[in-house]
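Colleague: Could you take me through one part of this model, the open sheet and what lies across it, with each term spelled out as you go?

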Amino acid sequence: MAINRRDFLKFSAGAGLLAGAGVETASAAAEAPPQMPKDALGILYDATLCIGCMSCMVNCKKANAEPGGALFHRETEGQIPYEYPKDGDAIYDAPIRLSDKTLCIIKAYRAGDKAVEPDTPASSFVKQHCLHCIDPACVSVCPVKALQKQPDTGIITYNKNRCFGCRYCQIACPFGIPQYEWSKASPSVIKCQLCNHRLAQGKYSACCEYCPTGASIFGRVEDLREEAKRRLALKTGDSYNYPVQHVDGRQRTEKVVEHYVDHIYGMNEAGGTQYLFLAGVEFNKLGFNPRISDMVYPRLTWSYVSHVPALIGALLVAGTVTRLVTQRMERNKNKDQTPTDEADAS
Amino acid sequence: MESNPNIKTWTPTTFVLLFFIVTGGATMLYRIIFGLGATTNLSDAYPWGFWLGLDVLGGVAMAAGGFIIACVVYIFNWKKYRPIVRPAILTAFLGYLMAVVAICLDIGHPFRIWHPMFMWQYHSVMWVVAMHVIFYTTTLALEFSPMLFERLGWEKARQMVGKVMVGAVIFGVMLSTLHQSSLGAVYLIAESKMSPLWWDTKLPFHFLVSAVAMGMAMVSLETMLSKKFLHHEVDSEIFYGLARGTLIVLSFYLLLKLYQLIMVAGVGLAFNGSLESNMYLVEMLIGVVIPVVLLAMKNFRRNINWIFSVNLLVITGVLLNRLNVGLFSMESYFASHGLSYSPTWMEFLVSLGIISLGIFLYKMSAKHLPLFSH
């Protein structure tokens with residue numbers, strides 16, 4: 001979260017003991033949804049198009065093991081951090097969850113009961129990685145600005161040289177995204193940075209570039225939202241010309257529309273995210289914590305922190321006044337009795 | 001001034017303490033060389049574990065006695081508590097030093113501990129907490145320094161500190177109040193992960209009030225122990241007064257927690273037999289309900305042995321609360337991801353080493369500094 005002028009004014013207002021004014025601004029800000037940069041970049045993942053080929057996972061590792069990538073380390077330069085099964089053959093990368101070696105993972109859901117829910121598909125995939133929140137909890141809690149939201153693209157990047165390893169981001173992220181390099185003596189936080197390093201090369205997120213079906217498409221969040229709304233308006237069974245790789249639609253593939261749950265996940269969740277999801281299965285079943293609401297999480301802590309300057313002032317004044325009163329009481333008492341020294345302050 | 005002849009340096013207790021300090025120190029070194037993964041069972045699901053729950057959250061709550069007694073003596077001018085103000089300040093100072101050691105080991109890069117001082121991010125409660133730790137530890141060092149100056153015979157330095165002492169205490173009370181509540185505020189953002197038995201928008205206030213109760217119990221307990229083992233003679237009225245204070249604050253805390261349970265979390269949640277509900281009940285019974293019931297009766301409140309037991313209960317209860325907030329409140333969230341956490345023996349050794357170091361330094365201060373002279 002960049003220190004913007006509004007926040008700074010609020011902070012100073014508190015410092016000036018204008019507690020009342022501070023509270024008013026804070027509560028007014030609490031209602032307005034957070035704004036993202038005009039050209040914020042993101043991903044739309046459509047689970048109904050995903051065939052679970054895991055091309056995104058493999059290419060994510062390859063792209064991010066390059067210099068500048070989120071998995072790049074100087075000491076292991078040139079190596080791609082595959083996670084082969086324990087005691088198994090090194091033939092197939094098989095991570096089971098996000099880790100310090102895996103930024104992006106395809107998970108499968110297989111519990112659909114046709115008898116109970118005839119409209120729901122029996123299985124679905126879901127792609128997990130950083131959702132790049134519009135108002136990110138991890139950025140708001142980071143005490144050293146190691147995690148920052150880029151002002152132009154809205155991508156949440158990580159600077160390992162600032163990070164001192166408090167891991168508050170792991171506690172704060174409602175989606176459980178940041179991972180830590182526990183096995184290292186000099187560890188870093190590992191999370192998807194939306195292939196920020198590839199943007200400079202004129203490329204975009206590897207998971208979208210290498211997605212063969214158009215399940216993951218890259219683009220401006222505004223465009224992705226439009227595309228997602230368009231898809232929800234489609235009828236099951238019709239055919240639609242789905243854009244592939246990028247929302248600009250230079251490449252398209254025609255496909256029969258499958259059943260959609262009428263919800264764009266990430267539109268409002270946690271105040272809105274730049275990674276959006278469509279699916280044919282209820283999102284709770286795809287591993288999203290059902291307790292995540294539309295709440296803008298950083299406001300929970302900001303409502304406390306914004307009052308700290310006023311509290312500092314109030315407590316100092318209260319302490320001083322009490323001391324002056326008790327001192328005077330002491331003096332009066334001493335005057336009534338014997339005149340002794342009253343300086344026993346130490 | 002001479003060292004206290006009533007306190008012997010080389011007792012069996014000292015040897016035990018030194019043994020734990022050495023083993024804990026060796027483990028700390030191991031942690032710094034080989035990293036957190038080699039030493040602890042922490043994982044991406046449980047990024048904060050035993051060290052943070054017990055040594056940092058618990059240790060800081062235990063140190064609350066320092067600011068309460070300093071406030072009572074220097075700001076409220078209640079002279080009755082003057083004999084225990086120095087031990088209370090020393091405990092707070094040592095408590096914060098111990099917490100700082102634990103924080104240094106717990107963060108991924110111990111040698112970057114200074115980063116928050118120069119890389120400001122005031123939206124973060126963690127940054128606020130870091131600032132409070134820095135300022136309050138410095139303030140406590142100042143409040144503690146007269147004992148050192150008296151021992152060294154630096155009369156001028158002592159007088160200079162004496163002039164700013166009241167200011168330092170007012171500043172310290174402000175910092176401490178905010179630090180205790182900020183530690184609760186850290187968890188406000190984990191709303192979607194924590195059990196509603198603990199998560200509440202008033203969590204900072206809950207932390208502050210429970211820390212005040214624990215601080216008084218801790219001062220009372222430690223004064224009893226110094227009376228028994230370090231021959232510090234104090235009037236029993238001090239214990240009765242502290243017990244009364246504990247009763248008042250703890251009753252208020254009970255009301256707060258009951259309101260939260262009934263109005264926010266829902267009573268059913270505390271009795272559904274899950275791990276969280278059981279931990280909650282244990283915490284509330286040991287740390288709040290039983291102590292309030294016992295202290296409410298005058299015979300118990302004015303009986304040193306009973307006060308001793310109640311102090312132990314309150315301290316255990318609040319420590320449990322901190323462990324619950326830090327670990328068990330997120331149990332069901334992580335259990336649904338198939339992950340669990342239990343500390344390694346090395347985590348225990350480090351904590352034991354840190355606590356032993358605190359007790360050892362307290363004893364050495366009692367012997368060599370004018371701790372009980374007021």
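Modeller: In strand β11 of chain A, Leu276(A) is the bridge partner of Leu44(A). This is a predicted model, in which local features need pLDDT of at least 70 and side-chain atom pairs count only at pLDDT 80 or more, while totals for chains, interfaces and linings use all residues. Residues are numbered from 1 along each chain as its sequence is written, and chains are lettered from A and ligands numbered from 1 in the order in which they are written.

Helices (H or I, at least four residues) and strands (E, at least two) are DSSP runs, numbered from the N terminus.

Taken as a whole, the open sheet has three strands in the order β8-β1-β11 (chain A), with mixed pairing. Its edge strands, each pairing on one side only, are β8(A), residues 216-220, and β11(A), residues 275-278. On average, neighbouring strands of this sheet are turned by 20 degrees against each other, direction ignored.

Across β1, β8 and β11 of chain A lies helix α8(A), residues 221-232, which runs at about 20 degrees to β1(A). Axes here are lines fitted to C-alpha atoms, for helices over the stretch in contact, with angles from 0 to 180 degrees between N-to-C directions, and residues are in contact if their C-beta atoms, placed from the backbone, lie within 7 Å.

Conventions:
Two strands pair if DSSP finds at least two bridges between them. Two residues are in contact if their C-beta atoms, placed from the backbone, lie within 7 Å.
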